Amino acid sequence: MGEPLVVMEGIDKSFPGVHALDQCHFELLPGEVHALVGENGAGKSTLMKVLSGIYKAEAGRIVYKGKEVEIPNPRAAQQLGISMIHQELNLMPHLTVAQNIFIGREPRHHIRFMLDEKALNDQAQQVFALLHLNLDPRIKVADLTVAKQQMVEIAKALSFNAEVLIMDEPTAALTDTEIDELFRIIDDLRTKGVGVVHISHRLEELKQISDRVTVMRDGKYIDTVKTREASIDRIISMMVGRTIFEATPEVPEKPSEEIVLEAKNLTRGNLIKDVSFQLKKGEILGFSGLVGAGRTEVARAVFGADPIDSGEIYVKGIKVHIGSPNDAVKHGIGYLSEDRKRYGLALGMDVEENVVLAAFKKFLGAFGWVNRSKTRSTAEQYVKMLAVKTPSLQQKVRNLSGGNQQKVILGKWLTADTNILIFDEPTRGIDVGAKSEIYHLLNNLAQQGKSIIMISSELPEILRMSHRVVVMCEGRITGELNIAEATQEKIMQYATQRGEVLLVDEPAPTSAPLGDA
Amino acid sequence: MEAKTAPRSSLLRPERIQRFLAFGGLIALIVVFSLASQYFLKPDNIGGIFLATAVNGVLALGVTFVIINGGIDLSVGTVMTFSAVMTAQFITIWQMPVPVGILAGLLTGALCGLANGLMVTKMKVPPFVATLGMLYITKGLSLVVSQLKPIYFNDTPIFNQVAMGSVLGDLARVVIGVFDPSNPMVLEPLANPTIVDPIKNIVLVFFGAAIIAAFILGKTILGRYTFAMGSNVEATRLSGVNVDRWQTAIYTLCGLFAGLAGVIIGARLNSAQPALGAGYELDAIAAAVIGGTSLSGGEGSILGTVIGAFVISVLANGLRILSVPQEWQIVVTGTILVLAVYLDRRRKK
């Protein structure tokens, strides 16, 4: 396939507290579909955002068509012929398809400030013709399915005469037939000599469409292999590596057999599909899976934050109706959101007020006023017990570190007498020292007989903390593992198992099946 | 591919439904009021409604741009007043020719709008706060410049005469005169007005401004970016559009319309009233919202806003004819506003 289209060498990028890219390497050939894989946070999107001018690398060089280039902004990338389609689509829903494609470079009337709507629609039509896409340029983007919106993004990218097309998880929201259509277009582009970078978690899908696979892990380049020569198992083992987590998992004591929470056949649209699980007293149940697998959705459903279409929830064997978070709290369920600042805390209020917030009624005196001495002693008790580092109870929660904020939320739920605690990414954005403190707390709570659901995208965390692991993919539970049998590889396999597709070890067919071209 | 991509009938587009809802409401109001009072459909009364709509309508045109863009402008009422005061300052105090005074009024509005735009884009002050500040600033400046007193256009009666004259009426008289030179409407026009005489010239200015606004919003780059930024400002930025510059332009345009409203209200009242103005911005925003402009941005139309402005003035006029006390008129306007947005929400669900 000749000279590479893109070569990225020694790319380095840091964000506060994270070394996102460490000496990364990447190479793209013309007419190649190149898959970029890795766990959440491996640095795939960041690397591609460097290539498309959204981030600026601190070190390293980018060679494009044999020449070293600077890519300071997305505009510059587009002018070179590099376009990126982001995970969250960047469209203007109120505008039409054609208006979206040519935003910022609309064809003008001969009076310069006037738009030439006809030329606009004609040009959009031409782009669609190139893609063999049947789409009305005058339809509003808001009226399209997500798949069609994706096509609009692709058309937009190609209307810049893109020679490099980067797609960040393009199939995440698509159905199988829509994916076939997308792959037909990708295949089409390949024959036209466009280099396509395909970021995805779905390994069997990569087998179907890609020519080569580059694996990243923890911000580092691991290897690039020909897709047809690599088994999925090998790719997975490259993705998880064996060195990330050296400590032996400290499995807490065995929980009792008493089931405190049971969910049966929870269903909510496409987000939660027939999810059932049990939680025992004193157990830490890990919920693993990739971002967007539906774990948070399940947690929110159990907590009553989102309505469910069908399904039943039992607390201590009794069927309960949970229509709102208020109901959940009454049944002793607490939820610690992954977005602490948004959903977990009243940031502008102090530690004491936050701790008593969910159980205010307990602190009301005879005429409805708050018993301050009682709230103070309760808050003091939890601050001590959870070792919250705060100068005083009157410190605004906003000024605490992430780990300490997490502890305040925990204190809040403990004050509200919850026995079932759902932790959604409990250590996200928390530094390493505070992390082990949180782990310690979780273990303590379990030993005291609290039951814990821990949603985490970090496999080592899941393996270290859980008694059992439930793995989700696309709204379904795809596997359940006892901690004794759980490995990163096994979890990863379940987590990438979409729909009814089973993983095969043999090399997949080399050419992608053609859609209804 | 599948039939899903077939364009929905354009009549069923959400903002059109809202516009039809507003239009239907307007028709319903007219029917009810004309059944309730014979006076309602008299030419004089219709002329009064048009006149009442003109000032609020022009303000609402500018506000429509800002709201579609995803912002808000609370300062249009007092910017209008300040523009009127500046016009009076130029014409009456500094004895400048009337056209120069008009230009000064328009420019004052545009400059206030420009300042709003720069506060929002460069200083990153939220639109609500920036324009609230401008509301106070222009309110104060009006009082400062006018020294707390109304300024009358007594030396230039032509200003008021042209504004409150009726080109349409004159035209009608010319046409009638050709066929029937002895018609009393031609011989004694003051005692025998034609049916179109109540449509004053400033009403025509309003319609002219509306047509220009509709053209800008629908056919020009500025209009396109107004919708684009209101729909998804980040995507627009990533597409290489200079978002700050266009946003500033939109606020400036809104200010320009407020300036025009200032000139109109000055001409109509034959004076600049420095204490007037606060509260007009709310009527203007209400007109836009009733007409289907979404406060979350990305949706709206000039036609809808014009209809919305008429809904408000027809309501006020009709209730007044029915001798509903003015304080209750305000209550009804508020109720209608909430109702309009409620129906909009329900439709979107």
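Student: In this predicted model, does Arg224(B) count as buried or exposed, and at what relative accessibility?

Tutor: Arg224(B) lies in helix 10 of chain B. Buried means under 20% relative accessible area. Arg224(B) falls under that cut-off, so Arg224(B) counts as buried, at a relative accessibility of 5%.

Student: Which residues is Arg224(B) in contact with, leaving aside its neighbours within four places in sequence?

Tutor: Contact means heavy atoms within 4.5 Å. From chain B, the list holds Leu217(B). From chain A, the list holds Leu95(A), Gln99(A), Ile103(A), Glu106(A), Leu115(A), Glu117(A) and Leu120(A).

Student: With which residue does Arg224(B) form a salt bridge, and how far apart are the closest N and O atoms?

Tutor: The count between chain B and chain A is one salt bridge. A salt bridge needs a side-chain nitrogen of Lys or Arg within 4 Å of a carboxyl oxygen of Asp or Glu. Arg224(B) meets this with Glu117(A), the closest N and O atoms being 2.9 Å apart.

Student: Which helix of chain B gives the largest share of the side that touches chain A?

Tutor: Helix 9 (201-219), helix 10 (221-231) and helix 11 (233-238) of chain B each give two or more residues to that side. The largest share is six residues, and it comes from helix 10 of chain B.

Student: How do the residues of the side of chain B that touches chain A divide into nonpolar, polar and charged?

Tutor: On that side, 28 residues of chain B are in contact with 32 residues of chain A. The residues of chain B there divide into 11 nonpolar, nine polar and eight charged.

Student: What area do chain B and chain A bury between them, and what percentage of it is on carbon and sulfur atoms?

Tutor: Between the two chains there are 10 residue pairs in polar contact, counting pairs with both residues at pLDDT 80 or more. The chains bury about 2,700 Å² between them, and the part on carbon and sulfur atoms is 57%.

Student: How far apart do the C-alpha centres of domain 1 and domain 4 of chain A lie?

Tutor: The domain assignment gives domain 1 of chain A as 1-81 + 162-244 and domain 4 as 349-416. Their C-alpha centres lie apart by 46 Å.

Key. Residues are numbered from 1 along each chain as its sequence is written. Chains are lettered from A and ligands numbered from 1 in the order in which they are written. This is a predicted model: local features need pLDDT of at least 70, side-chain atom pairs count only at pLDDT 80 or more; totals for chains, interfaces and linings use all residues. Side-chain values use heavy atoms; hydrogens and water are left out. Buried area is the accessible area (1.4 Å probe) that two parts lose on being put together, summed over both. A polar contact is a pair of N or O atoms within 3.5 Å; within protein, one must be able to donate a hydrogen and the other to accept it, and residues adjacent in sequence count only if both atoms are side-chain atoms. Helices (H or I, at least four residues) and strands (E, at least two) are DSSP runs, numbered from the N terminus. Ala, Val, Leu, Ile, Met, Phe, Trp, Tyr, Cys and Pro count as nonpolar, Asp, Glu, Lys and Arg as charged, and the others, Gly among them, as polar. Domain bounds come from an automatic or database domain assignment. Buried means under 20% relative accessible area, exposed over 50%, partly exposed in between (1.4 Å probe, protein chains only).
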